[in-house]
Amino acid sequence: MTDRFAPYRDLAALFPDEVITQAEVTDVELPGGAGTLALITLDNHAGPKRPTTLGPNTLIGLGRVLDAQAERARSGELAGVAVTGKPGFLVAGADLGSVSALEQGAEGSLLARLGHDVYNVLTDFPVPSFAFINGLALGGGLEIALAAHYRTVSSAAKGLGLPEAFLGLVPGWGGVWKTPRITGPRDALTLMIRNPLANNRNIDGRTAHSIGLADAIFDPAQDPADTGVFVRASVEWATRVIAGDSETLSDLAVQRDRDTSDEAWDEAIAEGRAIVAAKTGGHVPAPARVMELFEAGRHRTREESAAAECEALAELMLTDEFAHTVYAFLDVVQKRSKNPAGAPSAELARPVRKVGVVGAGLMAGQLALVFARKLRVPVVMTDIDQERVDRGVGHVHAQVEKLAARGTLSAEAGEQLKSLVTGSVSKDVYADADFVIEAVFEEMGVKKTVLAELEEIVSPECILATNTSSLSVTEMASDLRHPERLVGFHFFNPVAVMPLVEIVRGPQTTDEVLATAFATARGLGKTAVLVQDAAAFVVNRILLRMMGEVQHSFDSGTPAEVADHALDPMALPMTPFTLLAMVGIPVAQHVTESLNTAFGDERFPVSENLQHLIDAGITSLWSPGGDGQQSIPAETLEVLEFGDSPETAGQLLVRVQDALAQEIGLMLVEGVVADAEDIDLCMILGAGWPLHLGGITPYLDQVGASERVNGKRFHG
């Protein structure tokens, strides 16, 4: 048999350090005399925590194995072929570190073409081909499943998606063409554009089945390391497909009945264009390229689309944006987050078997839900009267019911989750809690009173946590008999979505308390960064400095449209005035006042105009017009006062860059975090800082602000 992958040997030689994912074949005799299924398991044998990835050596090996199985199928030896992964993973996608090392467009084009050549073997397989999605499947990993004729998914699978637009690439191994033909264009758009540009959101197995990405769904074993139950169920289903079981094929036809009409395509394309324009403003190449391929692929053949995908990948792999993304994603988000600077040994952590949440408002409800859902422990909320308690607990239960209605949770799991969240008007319910977090009004006196009350109730081992966004943890602890057990545990809104927790160490916080805080954050699926006690910590301090510079320019006479869009070249998740409305003008003003008290008027002036808006009960500067354009209403302008020193957009952009470089430089001098990478991690995960800029400190190096202000770069 001719080795069709021999031309790729020189490409493979460029990756001597690739961790190769092996394609291992096991023959499975199907029941009822249905024949033999070649089950290919993808495994890098690098332990349960090292995801399987795809580099050229891996792809060549997989292609050769698939070719060999295809030859067996043509000779009548096989009735089918299936691909699955090691426990927890199908495949995590391409090896981005290796891809970023490519230096020539021809190499990138060759790597792209290799992926198509391998996956085409599965698509053109002479007998039925299956993918058993047993766990995480991202990018090129999910595209393996898309290449198969049929797909099953585990109900416990998480981390499924096509994140390339977020990473600076395109789904270039067939995903951009195949997905809309499998799920319909609307859901394909969600996978390729909406989710990646929404802070890289992914889907789970239940969602994958509901949108038609998978043909069948099966429950795994209780033990995540035991993939046998899911694989056996998938093999049984594959047997029925191969045997032509009428009921199975009828169900399959219903499952695959997706809307691929012209109307669905038109709607998806229009929505995708709008999302890309709103999220990137035309400043980020990859999302626009995904939309270009998605739209053109509507009328292309598979091979025509593949050629365009290869061209796009070859170009995008060599862009600065992709190089910056790789640093931000691999070096910061992946590596730095796994080894948080200053975290004590995990062995010091105490078990958390019951959690208390003081407060029953919207933030408290979000906290209660994430603790109950992720830790699977009882969570008790308290407030000052029964009406507030009932409303808070009711809101949490309603959110659980929504999750169950969407299929994210089974009905049984939903009922179990609701039973974990209860409420009371008495804080005595915290007597046996291991971890109590307050989410009350952001005012020092209120928080100190609550903490003092808790200290009289909880056990000596109970950890007290504050979700404060700006107040001093040291001051909160100053009147406690045991200040060593207080820790800052600052979430970001919305709690379920934002992955960062700033863990704030007070002067007396013990290593045991700190270790428990880090372990709890991990249990919640969050990334924790150790932050020293300084006003507004990291994310809010940087954001308020940025927003303050824009607000000051606006107050000084810069037109609103210019001020709000001066930072558009950064392609931030939202404009400063939009962020101001989302945070809430009173909240932003309150945090600015805290920063002003700590650092003075020069860096954190308190805007009189914002106070005028607060006094007038105005919640946003902008008001949408009937034509979709935003404007400031006349009644809002009447309460504002302006100076006569307007700036251009370019001047304001440089001003903000320099202010950010100054503030971050001071934070590092103060030791708020251990290193610049921690600043980058906080801003990426807590503020949605765009990956294509490479993190906030590399960006400030690139534009020269670091050297203009501090006389040196943050990175050498």
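**Figure 1. Glu 663 and Arg 603 form a salt bridge in this predicted model.** Their closest N and O atoms are 2.6 Å apart. Glu 663 sits in helix H28 (residues 649–670), while Arg 603 belongs to the loop between H25 and helix H26 (608–615), so the contact ties together parts that are 60 residues apart in sequence. Both Glu 663 and Arg 603 are buried. The pair is part of one network of salt bridges that share partners. Its members are Arg 541, Arg 545, Glu 549, Arg 603, Glu 647, Arg 655, Glu 663 and Glu 670.

**Figure 2. Glu 401 and Lys 418 meet through their side chains in a salt bridge.** The N to O distance is 2.9 Å. Glu 401 comes from helix H17 (residues 386–405) and Lys 418 from helix H18 (residues 411–420). The two residues are 17 residues apart, and their pairing links distant parts of the chain. Glu 401 has 45% relative accessibility and counts as partly exposed.

**Figure 3. Glu 303 pairs with Arg 113 in a salt bridge.** The closest N and O atoms are 3.5 Å apart. Glu 303 lies in helix H14 and Arg 113 in helix H4, so this bridge ties together parts that are 190 residues apart in sequence. Glu 303 is partly exposed, at 37% relative accessible area. Arg 113 is partly exposed too, at 22%. The structure as a whole holds 39 salt bridges.

**Figure 4. The structure holds one cavity of 30 Å³ or more.** About 60 Å³ of space lies in the largest cavity. Its lining consists of His 116, Asn 120, Trp 173, Gly 174, Trp 177, Lys 178, Arg 302, Glu 303, Ala 306 and Glu 309. H14 gives the most, with four residues. By class, the lining divides into three nonpolar, three polar and four charged residues.

**Figure 5. Met 582, Val 583 and Val 587 make a nonpolar surface patch.** The patch covers about 260 Å². Val 587 lies in helix H25 (residues 585–599). With 43% relative accessibility, Val 587 counts as partly exposed.

Notes: Residues are numbered from 1 along each chain as its sequence is written. This is a predicted model: local features need pLDDT of at least 70, side-chain atom pairs count only at pLDDT 80 or more; totals for chains, interfaces and linings use all residues. Side-chain values use heavy atoms; hydrogens and water are left out. Patches are made of residues with over 30% relative accessible area and no salt bridge: like charges are joined within 9 Å, nonpolar side chains (Val, Leu, Ile, Met, Phe, Trp, Tyr) within 5 Å. Accessible areas come from the Shrake-Rupley method with a 1.4 Å probe; for residues, only the protein chains shown count as cover. A salt bridge is a side-chain nitrogen of Lys or Arg within 4 Å of a carboxyl oxygen of Asp or Glu. Buried means under 20% relative accessible area, exposed over 50%, partly exposed in between (1.4 Å probe, protein chains only). On a 1 Å grid over the protein atoms alone, a cavity is a set of points where a 1.4 Å probe fits but cannot get out, and a pocket is an open set with protein on both sides within 12 Å along at least five of seven lines; lining residues have an atom within 4 Å of a point. Grid points are joined across faces, edges and corners, and a volume is the space filled by probe spheres set on the points. Ala, Val, Leu, Ile, Met, Phe, Trp, Tyr, Cys and Pro count as nonpolar, Asp, Glu, Lys and Arg as charged, and the others, Gly among them, as polar.
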